[in-house]
Amino acid sequence: MVNSGDTSVTPAVSVNGLSSGYGSVAVLHDVEFTVGHEIFAVLGANGAGKTTLLTTLAGLIPAFSGSIAYHGTDVTNLAASESARLGVGYVPQEAAVFPDLSVLENLTVGGMIGTRPHEERLEEVFETFPDLRSKLDLRAGNLSGGESRMVACGRALMQDPTVLLLDEPTAGLSPLYLELFFEKVAEIHRTRGVSIVLTEQNATQALGIADRVMVLSLGVGSEPMSADAVTTDLLREGYQI
Amino acid sequence: MNLDWLDAFLIFGAFKVIEIMGLGLLVHLQLGLTRVANFGVVGFWGLGLYAFGVAYLKVDWPFGDVYQFLICAAIATIVAAAAGLVVGWLISDLDDDGTLVGTLGFATIVVILATTQQGLTGGALGLGGLGFPYDFGRVKTHEFTWLLITTAVVVLIFVYAWRVHRTPHGRLLIAVGANEALARSLGKSATAARLRMMMVTSGAMGLLGAMHGVMVRSLEINSLDVSVTLAALAALILGGTARVFGAVVGVLLTVALFDIVIQFYIPIPDGWNTQALPVAREAVFGAAIVLMLIFRPQGLLGQMRRPALMRRLHGDW
């Protein structure tokens, strides 16, 4: 794990004074954090701006002000396709698969960039999500919520990302899938060396795998802190409950 | 070639069937794969028709018939493709409603230009003088040969559409159509993929327009009618927008039914062919669109069969 305060290592993600939103409505206000080689969880209640933060980081909506850098390269307002080419994988919370494509096709569209052979990357995805191997021919639109989330995650992994943006990956999942998914996220970080930015409402589970945490409240981010240092009072304050 | 057994009107009816089938296949790539709702099909087709006609008739080409046709057809294709690129770029940020209005607006501009630029196009009177790029002596032989050549072009369009389904570009188009924001995060430009598709399909529509010009041997403003768009869309929606065979099945059940079966094989009263039947045809096509969208929006052939395709391509993984 890299301590974000260690200035000798270029952070995987650097966000400085980031404000963004939709149209003229600002949702995020002056958010700042860095992510090293770690799992960084962004916690917050509904409407806190978690999805807006990740879609801005993915380049899908423009930043109003501030900057975003991946491994030291400024990508502020770079097209999403360019960010992806720099190694950013993105898994949205909703509509995370292409429903008309089969599972195999959903995975292969993730592998349109990069130079490693598809077969090699697919095998690695199957190692992480073995259940997908038997569902390759299925239409992705017919999968259950948990299966869809696996396909979406697998597709992002096919991009060979160095940074993975996961937007509430366990939202709406059954308790069985929920636990499995958090285990998979930790495994992806551990075995592939991918830096992960994860948004979650489920604070307890997220704190179980995260190295550091930022609480987002009405678009304003807290000072990032070690997951071990998070207290119930801090969360209550952040969630405004 | 002795074609006495063949009715000249039947050749023209078959030509219409083949032509609309080609347009339907191209609309399939736009609407079925990429979800670009092009209501201006007649605009791209008509631009090709008029670009071909004007280039053919207004330029003193120093070549024989074949080369003159090939160059003018290439001009028609390039002009329509360029229009597809520009229109595609203009509508790239619009939603479905905006795309419908934008493409319809483009078709209207083409019709207005064809009507008002009399010096070039002949305006409402039109221009005659287009011809076949060969001379076998008999008009019927010319037309039948042209029907075969057009069929070959439409077969090529079919093969292209068939192959697109099996390529990474095709998968990207389907991804862009289903969820453009997500597709943009895959590392490929969704806009570039859509513009490429618009350019290729619009160019092919222009080529079909040029081939129509050769068959009718004239530029007529009445040919730039909404019925061209309606026929292609009705057929595709009836057959199934997402399937390559959707356009083929749909055209057989609509255009072929009216322009061949009813016109030639059903005993209908004199005069109906020129008056009642065309009106009934439009009404039935419109009704077919409405009924299919209500009761079976995926069309007769249903959704894409990607799982079956994947099994064929990859076998058991």
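1. Basis of the note. The model is predicted, so that local features are taken only at pLDDT of at least 70 and side-chain atom pairs only at pLDDT 80 or more, whereas totals for chains, interfaces and linings use all residues. Residues are numbered from 1 along each chain as its sequence is written, chains are lettered from A and ligands numbered from 1 in the order in which they are written, and side-chain values use heavy atoms, with hydrogens and water left out.

2. Extent of the interface. In chain A, 34 residues are in contact with 25 residues of chain B, where contact means heavy atoms within 4.5 Å. The two chains bury about 2500 Å² between them, with 65% of it on carbon and sulfur atoms; buried area is here the accessible area (1.4 Å probe) that two parts lose on being put together, summed over both.

3. Arg35(B) forms a salt bridge with Asp100(A), and the closest N and O atoms are 2.7 Å apart. On the side of chain A that touches chain B, the elements giving two or more residues are α2 (80-85), α3 (103-110) and α4 (118-128) of chain A, and α3(A) gives the most, with five residues. Helices (H or I, at least four residues) and strands (E, at least two) are DSSP runs, numbered from the N terminus.

4. Ser185(B). This residue is placed in the loop between α8 (180-184) and α9 (190-216) of chain B. With 3% relative accessibility, Ser185(B) counts as buried, on a scale where buried means under 20% relative accessible area, exposed over 50% and partly exposed in between (1.4 Å probe, protein chains only). Once its neighbours within four places in sequence are left aside, Ser185(B) is in contact with Ala80(A), Ala84(A), Tyr90(A) and Gln159(A).

5. Over all chains the structure holds 16 aromatic pairs; rings of Phe, Tyr and Trp (its six-membered ring) pair if their centres lie within 6.5 Å, with planes under 30 degrees apart counted as stacked, over 60 as edge-to-face and the rest as tilted. Phe52(B) and Phe69(B) make an edge-to-face pair, at 5.7 Å centre to centre and 65 degrees between the planes. Phe52(B) lies in helix α2 (residues 41-58) and Phe69(B) in helix α3 (residues 65-90) of chain B, so the pair ties together parts that are 17 residues apart in sequence.

6. Leu130(B). Located in the loop between β1 (127-128) and α6 (139-164) of chain B, Leu130(B) is buried at a relative accessible area of 5%. Leaving aside neighbours within four places in sequence, its contacts include Phe52(B), Tyr56(B), Leu57(B) and Arg217(B). Leu130(B) and Leu57(B) are 73 residues apart in sequence but 7.1 Å apart in space, C-alpha to C-alpha.

7. Backbone angles to check. Most residues other than glycine have a negative phi. Arg217(B), in the loop between α9 and β2 (218-219) of chain B, has a positive phi of about 60 degrees although it is not a glycine, and Arg217(B) is partly exposed at 25% relative accessible area. Leu218(A), also not a glycine, has a positive phi of about 50 degrees; Leu218(A) is exposed, with a relative accessible area of 57%.

Technical notes. Salt bridge = Lys/Arg side-chain N within 4 Å of Asp/Glu carboxyl O.
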